[in-house]
Amino acid sequence: MGNPRVVYWFRTDLRLHDSPALKAALDLDPSVLWPIFTWDPHYVYRVKGGVNRWQFLLDCQTDLSKSISNTNKKSKLFVLREAPQTLLPKLFKAWKVTHLVFEKDTDPYARERDKTVIALAEKAGVHVISRYGRTLWDSDEVVAKNGGKPTMSTAQLQAAGRKVGEIPRPISAPKNLPDPGEMSVDFEPEKPETEPDLNASFRGKADKTYSNVAGPDGDFAVATLEELGFSVPATTPHRGGETIALKRLEEVFSDEEYAATFQKPKTSPAAFEPQSTTLLSPMLHFGALSPRLFYWKAQDLVEKHGQGASTPPESLTGQLLFRDMYFAAHAAIGPPFAQTLNNAYCRFIPWHLPSKTGATDIGDCAISGEYQIDSPQAEKWFQRWKVGMTGFPFVDALMRQLRVEGWIHHLGRHMVACFLTRGGCYIHWERGADVFEELLIDHEPACNYFRCYSPVAFGQKWDKKGEFIRRWVPELKNLDEKFIYEPWKASKAALDKAGVKVGGDGLDERRNGTYPAPMFDFGERRSICIAAMKRAFSIGLHGDDARVKGGSWKELFEEAGETEMEGLGGSDDDGEHADDADYKKDGDGSHGKHARSQSTGSKEGPMDRYAKKVKK
């Protein structure tokens, strides 16, 4: 076919280097090429994202647009404001498009969207080409070579990967790009359904995202936070974009000893300015950095370094393999991956504050941010955890860093996730997932998991003097290091010397110079939670069990003598406070999603009775 007229649809690949899909588009020798990005309403309204992540995305788009213009001054990233399902068929006709090319996505919603778009393209006589590029291997091929099952270990991934073939070497960025053709948008735009808007609480201004297909000035420019309705600026110091990603990658590998001997578990979650890891995960998430380029730079260096080099899973290559493992698992499990309901690979545990379920864009699933308040005490603990007011300084420092910077070390993520779930609060991991989804700039539903750590001893292992706490919990900045992890143990004289008081819950009673009292006795709560989990494991239900979906699970737990579980009642109003989160996938399968009867109010449960006992 002569004179191809190609639309290249950027999505999760905001870069020019090592883009198999972009190479496929250029191999067509197109007469015109339109590099476009479309604002998909699903991600604008149905996926939680705080201002920090939105700004990082805009950074990546802005940098990509500049890179395209540097390659061809007549071109740039053309950003269009309409759902791709309705926009693309109109572009096919108006621009006389012959080919649509894009990188394959692994997100369940995106897969269904792409099926729709491909069908519409075929109907319009447009050829569709897609290539994988988000992972080391094509996740679908990995699943196929793993017998159609999710990869549950890096060993399984590597075994399946060997059957797929060697990880491809990265390809260079194109030196030339064709001119774009005429870009008429003289057609009636279709406005999206904006409700429910999971990001409404962040929009202090009018949402103008879909006011004009070509943007407010009609020039297809990258959107601004103001156009998206956000009135508060981003607070993260981390900036996005391919240019920064490649520079950072070179910096990492300029220290050959660090890169060749890197061992993730030995990096400190308390390190800051600079952090102890590469901080390239947000770049991988938005596609500003190719995982294959990262992998082969690391692998080549390891082979050059020889004896003493680190090995998977702790090494840099191991971290990328671990990422691929979860992407393949996500591809195999589909929509249930990020929840317990209907998930055959998730243990059912009756955590407090369980999710509400209902119809969503990807089927009958947990509704982001909506949950049952089965225990007022659990709800209060959750609210304190979200804002970093638990009374445990290391936990609070991490949560405050997350809220401000949009990033915390992976061990810090384990720590706060454990504290919320089996380490003390016994609150549903999906509540934490909501919070991480909002706050993490590198949030990836396919890449999360957690373990169990002490909020005191674990921090002391990395930072005996508590410098990380002093940075993020300034109320305690003058406290003696003897008490910095346990201020409730400090004498009145020590507290007076530091100019701080310990008391209250940090929510309704915030006062200058006051740090909240701890929510509970950690040792006692941890023992209660672990015992409850052991009983749940002995019962042995999973998220796809009919008893979980039907509600009869409760009888089994009551017969086992369980008291630390989702309460008998459940408030069906409220509960939409869950800020946000990172999806946590416990290697043990310690997850829980469950059906329940509804009631008009929340009843006192064992957690509430425990809290009363502590107050006495």
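Where is the place of S315? S315 sits in the loop between α11 (291–305) and α12 (316–333). The model is predicted.

**S315 and its surroundings**
- S315 has 1% relative accessibility, so this residue counts as buried, the cut-off being under 20%.
- S315 touches F262 and S310, leaving aside residues up to four places away in sequence.
- Between the C-alpha atoms of S315 and Q299 the separation is 9.7 Å. Along the chain, S315 and Q299 are 16 residues apart.

**Helices α13 and α16**
- Helix α13 spans residues 376–387, and helix α16 spans residues 429–439.
- Their axes come within 11 Å and cross at roughly 30 degrees. Because angles under 35 degrees count as roughly parallel, α13 is roughly parallel to α16.
- The crossing of α13 and α16 is right-handed.
- On the α13 side, the contact is made by F382, W385 and K386. On the α16 side, R431, G432, V435 and F436 make the contact.
- By class, the residues of the contact of α13 with α16 are four nonpolar, one polar and two charged.

- How many disulfides does the structure hold? The count is zero.
- A disulfide is a covalent bond between the sulfur atoms of two cysteines.
- C60 is at 0% relative accessibility and therefore counts as buried.
- C346 is also at 0% relative accessibility, so C346 counts as buried.

Note on methods: Residues are numbered from 1 along each chain as its sequence is written. This is a predicted model: local features need pLDDT of at least 70, side-chain atom pairs count only at pLDDT 80 or more; totals for chains, interfaces and linings use all residues. Side-chain values use heavy atoms; hydrogens and water are left out. A disulfide is a pair of cysteine sulfur atoms within 2.5 Å. Buried means under 20% relative accessible area, exposed over 50%, partly exposed in between (1.4 Å probe, protein chains only). Axes are lines fitted to C-alpha atoms, for helices over the stretch in contact, and angles run from 0 to 180 degrees between N-to-C directions. Helices (H or I, at least four residues) and strands (E, at least two) are DSSP runs, numbered from the N terminus. Angles under 35 degrees count as roughly parallel, over 145 as roughly antiparallel, 65 to 115 as roughly perpendicular and the rest as oblique. A crossing is left-handed if the near helix is turned anticlockwise from the far one by less than a right angle, and right-handed if clockwise. Contact means heavy atoms within 4.5 Å. Ala, Val, Leu, Ile, Met, Phe, Trp, Tyr, Cys and Pro count as nonpolar, Asp, Glu, Lys and Arg as charged, and the others, Gly among them, as polar.
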